[in-house]
Amino acid sequence: MGLFKKKKTVIDYDAIFKEQYKSVNQLTQQAHQEMDYVIKESLYEVIVEKYRELIELIDQGAHFDKEHFEALKDNAIKELQSIHQINEMNT
C-alpha cells in the first residue's frame with residue numbers, strides 16, 4: 001500500500017548556502033569595481049539582503065559560523081551607509 005506514501009525530501013542547506021555565498025561574493029566584487037555610486041548603493045542593498053538570507057540558512061541547518069557571517073553583514077551595512085552618505089552629498 002505504498003502508492004500514496006510520501007517520500008521525505010532532504011534539503012542540503014550547506015549546498016544552498018555555498019551557492020548563495022558564491023553569489024554574494026560575485027556581487028561584492030561587482031560593487032567594488034562599480035564607479036557609479038548609485039549603482040554601487042543598489043548592489044550593497046542586495047548584498048546586505050543576501051547576507052540576511054545566509055544567516056537564515058544557518059538558522060535552518062547550514063553548518064557555517066553564524067557570527068562570522070553576521071560580522072560580514074555588519075560590514076556590508078557600514079559600507080552601504082557610507083555609500084548612501086556620499087550619494088546624499090552629491091544630490
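Predicted model: local features only at pLDDT ≥ 70, side-chain atom pairs only at ≥ 80, totals over all residues.
How many salt bridges does the count come to in this one? Hold that thought for a minute, and let me walk you through the chain.

The protein chain has three helices and zero strands, and if you read along the sequence you get the pattern α-α-α. Now look at the outline. The C-alpha trace spans about 70 × 25 × 20 Å along its principal axes. For 91 residues, a compact globule would have a radius of gyration near 12 Å, but this protein chain comes in at 18 Å.

What about the inside and the outside? Buried residues make up 26% of the 91. The accessible surface is about 7,000 Å², and carbon and sulfur atoms account for 52% of that. As for contacts, take those between residues at least 6 apart in sequence: 62% of them join residues at least 24 apart.

Okay, charges. We have 12 positive and 17 negative side chains here, and the centres of the two sets lie 12 Å apart. In general, side chains of opposite charge can pair when their charged atoms come close. Back to my opening question, then: the answer is two salt bridges.

Here's one of them. Arg52 pairs with Glu49, and their closest N and O atoms are 3.8 Å apart. The two residues are three apart in helix H2, which means about one helical turn separates them. Both ends are partly exposed: Arg52 has a relative accessible area of 38%, and Glu49 has 37%.

Then there's Lys66, which forms a salt bridge with Asp59, with the closest N and O atoms 2.8 Å apart. Lys66 is partly exposed, at 30% relative accessible area. Asp59 has 52% relative accessibility, and because the cut-off for exposed is over 50%, Asp59 counts as exposed.

Now for a residue I'd like you to find on the screen: Glu41. You'll spot Glu41 in helix H2, which runs over residues 37–60. Is Glu41 buried or exposed? Glu41 is buried, and yet has no salt bridge. The nearest side chain of opposite charge is Lys40, and that's 11 Å away. A salt bridge here needs the atoms within 4 Å.

So what does Glu41 touch, once you leave aside its neighbours within four places in sequence? The contacts are Leu80, Ile83, His84 and Asn87.

Notes. Residues numbered from 1 in each chain as written. Heavy atoms only, no water. Helix = DSSP H or I, 4+ residues; strand = E, 2+ residues; numbered from the N terminus. Rg over C-alpha atoms; globule rule 2.2 N^0.38 Å. Buried < 20%, exposed > 50% of the residue type's maximum accessible area, 1.4 Å probe, protein only. Contact = heavy atoms within 4.5 Å. Areas by Shrake-Rupley, 256 points an atom, 1.4 Å probe, with all protein chains shown as cover. Lys, Arg positive; Asp, Glu negative; His and termini not counted. Charge placed at Lys NZ, Arg CZ, Asp CG, Glu CD.
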